[in-house]
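This report describes a protein assembly through its chain interfaces, its annotated segments and selected residues. The sequence and structure are displayed first.

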Amino acid sequence: MAETTTPTPTETAAPALTAPRREPRGYSVRSLPGFAVIAIFTFFALYAPILILVTYSFNAGTSLAIWEGFSLRWYYQAAANEAVQDAAIRSLYLAFCAATIATVAATMAALATTRTRRFPGKTMIYALINQPLMIPEIVTAVALLIVFAAIKVWTGHTSMIYLIAAHTAFCVPFAYLPIRARLETMDNTLETAAQDLYASRWLTFRRVTLPLMWPGIVAGLMLAFVISLDDVVITEFVKSAGQETIPTYMLGQLRRVVTPEVNAISTVILMAGVILVALFFRLTSRRR
Amino acid sequence: MSAQAETPFPPGALEREAETADTRRRWLLSLPAIAIIVCAAAGPLLVMVIYSFLTPGDYGNVKWEFSLEGWMNTIVQRDIFDDTLIWADAHLSIFWRSFSLSLITTILTLIIGVPTAWFVATQPPGRREFWLFLVTVPFWTNLLVRTIAIQELIRSEGVINLVLLKIGIIDEPLQMMFTDFAIGFGMTYVYLPLMVLPVYAAVDKLDFRLVEAAHDLYASRWTAFRRVILPLIKPGIIAGSILVFVPCLGAYVTPRVLGGGKNLMFGNLIELQFGAGRNWPLGAALSLMLMAAVMVALIFYVRITSREKADG
Amino acid sequence: MKTLAITASALALAASGAFAQELNIYNWGNYTNPKLIEKFEAETGIKVTITDYDSNDTALAKVKAGGHGFDIVVPSASYVPIWIGEGLLAETRPDQMENAKNLDPVWIDVDWDPGRHYTVPWQWGTTGVVVNTKYYDGDIDTSAIFLDPPDELKGKINVVPEMGDVMGLAIMYHGGMPCDDDRELLRKVRDTLVEAKQHWLGMDYGNIEKFAKEDMWAGVNWNGSTFRMRLANENIQYGYPKEGYVVWMDSVAVLKDAQNMEEAKTFQNFIMEPENAALISEFARYANGILGSDEFMPDEMKTAREILIPEELKDKGVFIPTCAPETQALYTRIWTDLQK
């Protein structure tokens, strides 16, 4: 896509201007020794615990670690447990809303703060956007509890909006940094060219900038989604009556006994996600 | 949508005007992100700034009496037995533990994450996003059941020990559960996507003709990596390192569960003050200090990198 | 058959959305038997929503901040006086309710709520020691198990990360009482804890599997959780330290700003019914404070050493009172020092 742009100026950029010679090399420049091995090991290591987790969702016993034979009892139990289903749906809904809003906001902010001269307030914007990363969750959680509780008392309104706002805020830096990293590896050449060809700003953005930065946006969105899905401390403090999510439901179990019911729920969410995304890729790759 | 190039303007007033307009546009564009953070993160934190200057309430919360105890106690405390003023060495050693854990986790995620991101980004174009998705899929499950599964892997009779015993590398099972190894392993696992995704975003954009050119100029693969590839994907590596290192400093759920909780992390220390310790001002002061330290480091970093760019 | 009918009617009610009345319960996670709630909904037509918390401090902070929407909360004994003192609880007079006759007299005039003007017993239990007798066959009714561990158990000990309980056990080991602020005593307590900690494997919750699979051999634990461990591994035994062990009780209280006051009172009365109290115990494996609930309990609970305290150790159990703020601050410092 972007093969014609020159990279950010570095001392090594100069050789790009020389005509490429095609000498047979014994290897591809795209492969680095050992990298593929590490990557495959990583994928293996990433999925090993997941395999265990999925296995124990079929456990006949009540334990997450003592195998007592195959059974679907936890799937039946989860299917009968309205509270845990509500929590799962609420978690997904919350992560979807927070990640989407955060990614849109982060994309705009990243466009504004990269590939530019220093302008007044640039550092401040940068620091502010990254602020949620810098403080342990418990502190933000207590601060939000105090402020949001006051708003709840004042307005009498206790919907999911508080949780969505809180989640969106801490998701912004997780979406912002990958997008910013992507933008920093791009320069303005193509956009300038497009505008020279009388493309409007919007058209230039839609047809040139957006496709170029798309991988960064996808990476940011995925990160924000899993970060929101896993959050427990802030949710615990902000939630109102009946606003349980899967992580807070689990946290409550920690002191008592953790059963494979959550493994079953996790497995279902996992499968739904994989199928959904596989379908999506299937469809989009056909179109290509 | 206005992030486009600064086309060369004639010098003088026109330029300044254009610059002001540009600045305004950039602020407007950042506004949604800033608004969300001010409303639901940074703004409410002002409450904590105020609380850090108050007196602890008897049973949690605060009393509205001004006090510098909270800030003072972050560094010096009265000895509980003879009332002399002593350094709060517990706070320092706990901070040091969190700091080294963050550093180790960042290095480990770099070693594992960069090659993984590279692998994903060098897949044929249509498949990259799918591989990327595969990196995040494990994180759709719940943190706690995932951590329990990790412990299952590393227990004395867990899969890792069984395999190692079978191939004869070790003679008796290794004690890995509740060790520093367990924390490092688990933290690397949990924080890996935070490194892989930003690095991927940078590698995906890499112009491989530059790497070819370096090889054509007889650079070894290592030199090419160090002198060509690394500088080009640096923004991704930096973004990933920030995303791993900074949240790691205040993390406490994962190190607690995996490390067996014998030693406090900085996040635990703060949590203790807001919980059973009932000293909210101290908790607030400790966390504000942490935030200030990280923020100074980040701003310093931004200044340095933007100077580099200006020089370049 | 009866439960089936009740379940069916509860489901029918839920499906039709016919609940005119609601009740919001804020309780410890995984602590409420779904069968109890189904029965309550079927009998009263009140729709119940349960929300979890994981610590007394979180619950207190949230309710104090306001805007929470809860009607009922289940604080531990040492926190009840704080809740009352902060004016957060409604004086519902459970002692005058219809089912108050079922209250075990032992649990009526309690320190934290004399005469039961605010709270109804939910469950009570003890914090003691757990030992896998396969690895150690000495006396297990002592805190020395974790404070001065025998060589056989060193390196395999787990202590639950509960400041109040662990400090309480350690102070009683040295002859004091919980909330003691005698500096010399506390110095001994700190030194003992710091010395003993070298021999601990961890300070962790949720370790039923690790005990059952013998990754851990001994430690501090709650009785109900030890009961579950023993069901998974018969070598595991629960000990009541003769130096003194901790007794705790969680009680059901109604919040002053409850929006469903009458429904909440109905619930308080409902759980004093022996059959219903037995449902509570059946689920979380702790005893309740209601007379006559025994006959509805599962058989294995009637004889379990974890539930039935041996006669000679009955008087060694101590309730942790609400410590003075200054004492609590001292304990926090020792707790921090222990884990620095």
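The sections below treat the basis of the model, two interfaces, annotated segments and two individual residues.

## Basis of the model

This is a predicted model, in which local features need pLDDT of at least 70 and side-chain atom pairs count only at pLDDT 80 or more, while totals for chains, interfaces and linings use all residues. Residues are numbered from 1 along each chain as its sequence is written, chains are lettered from A and ligands numbered from 1 in the order in which they are written, and side-chain values use heavy atoms, with hydrogens and water left out.

## Interface of chains A and B

Contact, defined as heavy atoms within 4.5 Å, links 131 residues of chain A with 116 residues of chain B. The two chains bury about 11,500 Å² between them, 73% of it on carbon and sulfur atoms; buried area is the accessible area (1.4 Å probe) that two parts lose on being put together, summed over both.

Two salt bridges are found across the interface of chain A and chain B, a salt bridge being a side-chain nitrogen of Lys or Arg within 4 Å of a carboxyl oxygen of Asp or Glu. Arg182(A) forms a salt bridge with Asp204(B), with the closest N and O atoms 2.9 Å apart. Helix α8 (residues 201-230) of chain A gives the most to the side of chain A that touches chain B, namely 17 residues. Helices (H or I, at least four residues) and strands (E, at least two) are DSSP runs, numbered from the N terminus. That side of chain A has 89 nonpolar, 26 polar and 16 charged residues. In this classification Ala, Val, Leu, Ile, Met, Phe, Trp, Tyr, Cys and Pro count as nonpolar, Asp, Glu, Lys and Arg as charged, and the others, Gly among them, as polar.

## Interface of chains B and C

Here the contact takes 37 residues from chain B and 39 residues from chain C. Chain B and chain C bury about 3,200 Å² between them, 53% of it on carbon and sulfur atoms. Ile80(B), Phe81(B) and Lys262(B) supply 25% of the area that chain B buries against chain C, more than any other three residues.

The count between chain B and chain C is two salt bridges. Asp89(B) forms a salt bridge with Lys340(C), where the closest N and O atoms are 3.1 Å apart. Several elements of chain B each supply at least two residues of the side that touches chain C, among them β3 (76-78) and α11 (253-259). The most comes from α4(B), with five residues.

## Annotated segments

UniProt, in an unreviewed entry, places the feature "domain: ABC transmembrane type-1" at residues 95-301 of chain B; such annotations may be inferred rather than shown by experiment, and positions are given in the numbering used here, with feature names shortened. Residues 95-301 of chain B are 77% helix and 0% strand, with the end C-alpha atoms 22 Å apart.

For chain A, the UniProt annotation "transmembrane region" (unreviewed entry) covers spans including 133-154 and 160-179. Residues 133-154 of chain A are 82% helix and 0% strand, with end C-alpha atoms 29 Å apart. Residues 160-179 of chain A are 95% helix and 0% strand, and their end C-alpha atoms lie 28 Å apart.

Thr55(B) is found in strand β1 (residues 54-56) of chain B. Thr55(B) counts as buried because its relative accessibility is 18%; buried means under 20% relative accessible area, exposed over 50%, and partly exposed in between (1.4 Å probe, protein chains only). Leaving aside neighbours within four places in sequence, the contacts of Thr55(B) include Val62(B), Phe66(B) and Pro281(B).

Pro75(C) lies in the loop between β3 (72-73) and α4 (80-85) of chain C. At 1% relative accessibility, Pro75(C) also counts as buried. Not counting residues up to four places away in sequence, Pro75(C) touches residues including Tyr53(C), Trp83(C) and Met249(C).
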